[in-house]
Amino acid sequence: MTLTAPPPAATSAPAPSMSASPTARSMWRGSRGVILLGLIVVLVAALTALLTGTSTEGRRLDPADATLTGGKALAQILQRRGVRVERVSTVEDVVRLDGPGSLLLVSDTSFLDPVDFTRLSRTQAHRLIVGAVPGLEVLAPGVAPAGAAAPRSREPRCDLPAAVRAGSAYLGGTAFTGPRGSIGCYPGSEGPSLVVSPGARTVTVVGDGAFMTNQRLAEDGNAALAINLAGVRPVLIWLVPPDLPQVTPGSGRASAGDLIPAGIPWAVLQLGIAVLVVAFWRGRRLGPVVVERLPVVVRAAETVEGRGRLYRARRARDRASATLRAACVSRLTPRLGLSGDATPNEIIAATALRTGQDAVWVRSVMYGPIPADDAGLIALAGHLDTLERQVREP
Amino acid sequence: MALTGRAGLIAALGAIGVLFAPRPGYAVLGLLLLLGALVTVDVLFAGGVRPLRFRRGGERLVRLGESVEVELIVENPGRRRVKGTLRDAWPPSAGAGPRHQRLDVPAGERRRLVTTLRPARRGDRDAVAVTVRSLGPLGIAARQGSHRVPWTVRVLPPFLSRKHLPAKLSKLRELEGQHPALVRGQGTEFDSLREYVVGDDVRSIDWRATARRADVVVRTWRPERDRRVLIVLDTGRTAAGRVGVSPIPAAVEPGPRSGAPAPAAAGSPRPGTSASVAPERPHVGTSASAAPGRHLGTSASAAPGWPRLDWSMDAALLLAALASRAGDRVDFLAHDRTVRAWMSGASRTDSLAALVNVMAPIEAELVEADSASMVAAVLSRAKRRCLVVLLTDLNPAAMDEGLLPVLPQLSSRHLVLVAAVADPRVAEMAAGRGTAELVYDAAAAEHLRGQRARLTARLRRHGCEVVDAAPDDLAPALADAYLSLKAAGRL
């Protein structure tokens, strides 16, 4: 007996079971490449971060800020020259330090309200205002912005000693028009970008504070100009925006987030952990997903149905009627006792005789013209059925 | 490793504690550490899965449509009790159940688990893996691992047509003369002499023997024996077409879980999976029978039926059973482009068992059958004249280019019987009347039937016998054709 397809090995001893789960060693072998790659990525990222330094956004012209836009360098130079630099964030502090021997440096007034501007304008301290800040008309009466000027290195072109001694400096930003008696320096096409109004208290307005930043201080005469402007009084009151908007409960300015008890975010975090644990519980399959090659599912009648749809789509009444007629004739001939090669006339005559129908009608049904429309085709199919039935049961 | 619902419950209840804790951040950290510690302890004290030893036993053969039990013996050589869940994974069409079983094996003992298979289709089903999840003493975490425990169950053809066997055997006995009716065939063999009884055909009186003895003696005849029947099964693309209504219900996913692993139908252009078909079947059966007048294209579109190959196998099995009882030798060849299976020389008693065994793994290949190669294979294997029963489809396009040119080589040396499964759906379509769609479909169906009729006539002109019957009738029709050939002594 020869068998091409072998039956299952019924007689051989059952093969021993073996574990299919990965061992710790095989898991380490399989994943060490990935782990190594991850370590390299982390190492490179850490090195890059260390080498390029922090890329956080600095606070512009803040005496405590050491980034490129900060003002720590200028503050330290001034302190070394004996100027007392006071970094303040509130108008109260400004009023407390106020006096004829002090200079108020303002570069950002966005956190102040009109009342604050009025209080500031009443102080005795000399003023150095950087940029066309809101409230400029209150803090520096008579000085108004006249247009934009590109920040670049400019020549003093004026008699102001501080500017003349410093020479060219990186200025621009905004051009101003000063009140009568004021001195305008570092002019552009629109006007000077540094205006000094002398009086009981000197008010100096500069169009741009870039020359005082850590980045630009070492260029041109920037440092000299900054020291000449900011270091002329024993006390420098440096007004900067507060670190964080200070909100106290009950003040009416607390957001919804401030009112949530401290435990709730942590409880949400704990719930998140619970969701992860549940996900791991439900997501762990008991064993592998089993795949199987299944035999193709094709219905044998699909080709016939496709042919029927083609007939219908093209309204192929000629072919459909010819096929139906041929099938009817092939079924009728043996029943009528005729041979397979009987002529149409013989078949028509025999059918008419057997059924008692009119021979002309029988001819029109069995060998007549192609139906003109679908209704005609349906009728033809019905007539053929009638003929067949009458031949079968005369 | 795996977690249980208890771990999730601890983490979720912990959220309430965190809400009221004075230092919620530390509470979260503490809970995390506690959970980690509990899981670690549980995993450490859970029974080991890797050292478990498995053995299988039970049946290796099952007839399609019946169920079989395969037992799994789990032996725990470790020092800790293994308690938890076990999954014995089989391919989806094996219909294995239950999906999950509880497992509790004390240290050093063994337990026997039983998986019941109810296969949905023929072929070899290999066990995939045994996965054990061993819970720790706290029931918070578990160890999990898989083992390969090889076992194969061969699903045999169902041989549904065996219900026709008694009727055909009694017909056969009539032929053999064991029945009161005596048949005198032209080509039958001389059996013995016996005394004349009234009613015997006078033409069968042996005058020479009558002269020797004082009594009238007649010759008795019996059909010739030890003829050869070669069943050739075409496993080409036409055998894959589904016909009729499948007698085997599609696999129903056992177990309560609906998230069954989806079987990937790799060889199938349609996503026809055993699991997805199951819920539709009863609905289709009722709608198709209750609404004969509705549009036929939709009613049958969901019912996949049974492949021609399986209907052909059913008919072949009935023929083989009948032929081996009649004393003929049955050989079997399955062929598409190459020989898929070949069985020869099985003894009469076990030829049927050998045949189902050979047939079981055969699937239809989606290639055009190579008739020239098939004829060559038959001619090289069958030296003596035999009855070649060719189970194929009367597909006009395939036959014109494939079988018909090479058929004379075969029919000149052997008696050829071509058996084909007709599609009842085509007959149903041919009777469609009333709307334009149905009439066009009827015309298409008549077109195919006309082609088949012409093909049948051509085959008969070549001297072949042709059996073209609906799926349910093919097996008895083929048996009848064989019996009539045998009665006529044409084997």
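**Salt bridges and the chain contact**

Modeller: Let's begin with B:Arg449, which counts as partly exposed because its relative accessibility is 34%. Keep in mind that this is a predicted model.

Biologist: Okay, and what does B:Arg449 form a salt bridge with?
Modeller: The partner is B:Glu446, with the closest N and O atoms 3.6 Å apart. B:Arg449 and B:Glu446 are three residues apart in helix α14 of chain B, so about one helical turn separates them.

Biologist: Is B:Glu446 buried or exposed?
Modeller: Buried, as its relative accessible area is 5%. B:Arg449, by contrast, is partly exposed.

Biologist: Which side chain does B:Arg452 meet in a salt bridge?
Modeller: That of B:Asp468, at 3.0 Å from N to O. B:Arg452 sits in helix α14 of chain B and B:Asp468 in strand β22 (residues 465-469) of chain B, so this pair ties together parts that are 16 residues apart in sequence. B:Arg452 is buried, with a relative accessible area of 8%, while B:Asp468 is partly exposed at 35%.

Biologist: Let's switch to the interface. How many residues does the contact take from each chain?
Modeller: Chain B gives 103 residues and chain A gives 73 residues. The area buried between the two chains is about 7,400 Å², and carbon and sulfur atoms give 63% of that area.

Biologist: And how many salt bridges run across the interface of chain B and chain A?
Modeller: Six salt bridges are found there. One of the pairs linking chain A and chain B is A:Glu292 with B:Arg121, at 2.9 Å from N to O.

Biologist: Which helix gives the largest share of the side of chain B that touches chain A?
Modeller: Helix α14 (residues 436-461) of chain B, with 13 residues. By class, that side of chain B has 54 nonpolar, 27 polar and 22 charged residues.

Biologist: Which residues are linked with A:Glu305 in a network of salt bridges?
Modeller: A:Arg299, A:Arg309, B:Arg425 and B:Glu428 are linked with A:Glu305 in that network.

Biologist: A:Arg299 again, then. Which residue does A:Arg299 stand opposite?
Modeller: B:Arg242, in strand β16 of chain B. Strand β12 (residues 298-299) of chain A and strand β16 (residues 241-243) of chain B pair in the parallel sense, over two bridges.

Biologist: What's the strand order in that open sheet?
Modeller: The order is β12(A)-β16(B)-β17(B), three strands with mixed pairing. The edge strands are β12 of chain A and β17 (306-307) of chain B, since each pairs on one side only.

Biologist: Last one: how many helices and strands does chain A have?
Modeller: Chain A comes to 14 helices and 12 strands. Of its 394 residues, 39% count as buried. Among contacts in chain A with a separation of 6 or more, 61% come from residues 24 or more positions apart.

Methods. Residues are numbered from 1 along each chain as its sequence is written. Chains are lettered from A and ligands numbered from 1 in the order in which they are written. This is a predicted model: local features need pLDDT of at least 70, side-chain atom pairs count only at pLDDT 80 or more; totals for chains, interfaces and linings use all residues. Side-chain values use heavy atoms; hydrogens and water are left out. Contact means heavy atoms within 4.5 Å. Buried area is the accessible area (1.4 Å probe) that two parts lose on being put together, summed over both. A salt bridge is a side-chain nitrogen of Lys or Arg within 4 Å of a carboxyl oxygen of Asp or Glu. Helices (H or I, at least four residues) and strands (E, at least two) are DSSP runs, numbered from the N terminus. Ala, Val, Leu, Ile, Met, Phe, Trp, Tyr, Cys and Pro count as nonpolar, Asp, Glu, Lys and Arg as charged, and the others, Gly among them, as polar. Two strands pair if DSSP finds at least two bridges between them. Buried means under 20% relative accessible area, exposed over 50%, partly exposed in between (1.4 Å probe, protein chains only).
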